[in-house]
Amino acid sequence: MSPPKIAIIGGGPAGCMLGRLLSLSNVPFVIYESDASPNYRSQGGTLDLHPGTGLTAMKEAQLWDEFEKHGRFDGDYLMLSDNQLKPFIQLGPSNKLSERPEIDRAELRRILTESLPDGVIKWGHRLQRVEEGNVLVFENKTESGFDLIIGCEGAWSKVRSYISPDAKPYYTGVGLHRLWIPDAAHNVPDLHKIVNRGSLFASSNGQRLAVQQLGDESLHVAFCARRPENWTQTCGYNAHNLDQVKKAVLEQMYDWCPQLREAVEKSQEGVCDPKNLYMLPVGWNWEHRRGVTLIGDAAHLMSPFTGEGVNVAFDDCLKLAAAIIRAVQTDGGLDGLDAEVKAFEEEMFPRMEALQQRTDEVMKLWFWSEGAMSDVIPKVMYTHAKAKVPTALHPLAWAAVNSYWFVKSRIL
């Protein structure tokens, strides 16, 4: 068959990873991205890539050498604590048995973007809608004639609206402030040592402070809390004004220890962004529609509290790219392509439902549990453990987790 005409909507990590994989098999495509340029907006903090999904995708994309230059293999340190900095869980750094190296989101996007053939990304193309016949309507132009449109443009995907107009993300009940501390070793030496080049997550009832080391030696800070959806309009302060935000957040952290309050007190100008967290209903899927599909957040938007987002998006890329390449190489025509895409979707739906369910359970445990956070930890551990064992073994997993935690809590 002659190569299908493929449009990828969204030039974030998922869109660029899919494009990279297709390009290695000489399958043509075009990426439409709303940003005016690769550096148009901040990409946020850091993320860890996991074996079997994110790391596998980087290797399959032949980008491992470049990733090794910028990935922080000593950045996988993790501490979970309460609001008094009492540690519950400490892992790493550089535990080779479960290595999950960190990389800045902005750096990952640069690696992927620069790996693509020149000209395949059409910058400054904000999609308004998709019309019948796979017509793409942008702000200033219209494109048509595509055999396959792949939506990977995130939470508010216009491609998703074309496939299923009633499918909308809903508010999780959690909102956050993003802050930033440059040159952490100089500005907050004690906190810098605590974070240990990795990540610190401290939780209290309905609140969480996340502090993560970035590649430029700064710290990305996020204070999350249960909030109404319209909190930025009703909170009584300017959620984009650093001084006002620091004052308000520190009031909310009145009973937190000084070391953790310092993450807010020492935040500086440069990043001060409020954000609401949204998700798609657990188990949402769509009736297959010829010539269009979804991957990443567009297909299965979740909260970030299991750290799976970009990893499962890259797994989607691996599987969808393989499906498209098979269709092209076996000369199955557009019918063959459609069959491969449909099979990809049918495999993705149950895979993602299980992960969505786990992510939702973990979020509710962290933010809607009352009392001592030490009682939450074994429940979170069990939620992760039961995803890895057959249902018949869940009681055994629960017993094992509680036994482990009983012993560990006597040591803490």
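The radius of gyration is taken over C-alpha atoms, and the rule for a globule is 2.2 Å times the number of residues to the power 0.38.

**Figure 1. Overall dimensions of the predicted model.** For 412 residues, a compact globule would have a radius of gyration near 22 Å, and the value of 22 Å found for the protein agrees with this. Along the principal axes, the C-alpha atoms fill a box of roughly 65 × 50 × 40 Å. The secondary structure consists of 15 helices and 17 strands. Buried residues account for 55% of the 412 residues. The accessible surface comes to about 18,200 Å², and carbon and sulfur atoms contribute 50% of that area. Of the contacts between residues at least 6 apart in sequence, 71% join residues at least 24 apart.

**Figure 2. The open sheet of seven strands.** The strands follow the order S5-S4-S13-S14-S15-S12-S16, and their pairing is mixed. Strand S5 (87-91) and strand S16 (273-279) stand at the edges; each has a single partner strand, so one side of each lacks a neighbour in the sheet. From one strand to the next, the twist averages 15 degrees.

**Figure 3. Pairing of strands S14 and S15.** Strands of a sheet pair through backbone hydrogen bonds, either parallel or antiparallel. Here strand S14 (residues 207-213) and strand S15 (residues 219-226) run antiparallel and are joined by seven bridges. Within this pairing, Leu209 stands opposite Phe223 in S15.

**Figure 4. Helices H10 and H13 against the strands.** Helix H10 (residues 258-265) packs on the sheet, where it touches strand S4 (78-82), strand S12 (170-181), strand S13 (199-204), S14 and S15. The direction of H10 makes about 70 degrees with that of S14. Helix H13 (residues 333-368) lies across S4, S12, S13, S14, S15 and S16, and runs at about 70 degrees to S12.

**Figure 5. Aromatic pairs.** The whole structure contains 14 aromatic pairs. In one of them, the ring centres of Phe88 and Trp405 are 6.2 Å apart and the planes meet at 65 degrees; the pair is therefore edge-to-face. Phe88 belongs to strand S5 and Trp405 to helix H15 (residues 394-411), so this pair ties together parts that are 317 residues apart in sequence. Phe88 counts as buried at 4% relative accessibility, and Trp405 is buried with a relative accessible area of 8%.

Phe305 and Phe367 form a tilted pair, at 5.0 Å centre to centre and with 55 degrees between the planes. Phe305 lies in the loop between helix H11 (297-300) and helix H12 (309-329), while Phe367 lies in helix H13, so the pair ties together parts 62 residues apart in sequence. Both Phe305 and Phe367 are buried.

Terms used:
Residues numbered from 1 in each chain as written. Predicted model: local features only at pLDDT ≥ 70, side-chain atom pairs only at ≥ 80, totals over all residues. Heavy atoms only, no water. Pairing = 2+ DSSP bridges. Helix = DSSP H or I, 4+ residues; strand = E, 2+ residues; numbered from the N terminus. Axes fitted to C-alpha atoms, helices over the stretch in contact; angles between N-to-C directions. Contact = heavy atoms within 4.5 Å. Buried < 20%, exposed > 50% of the residue type's maximum accessible area, 1.4 Å probe, protein only. Areas by Shrake-Rupley, 256 points an atom, 1.4 Å probe, with all protein chains shown as cover. Phe/Tyr/Trp six-rings, centres within 6.5 Å; stacked < 30°, edge-to-face > 60°.
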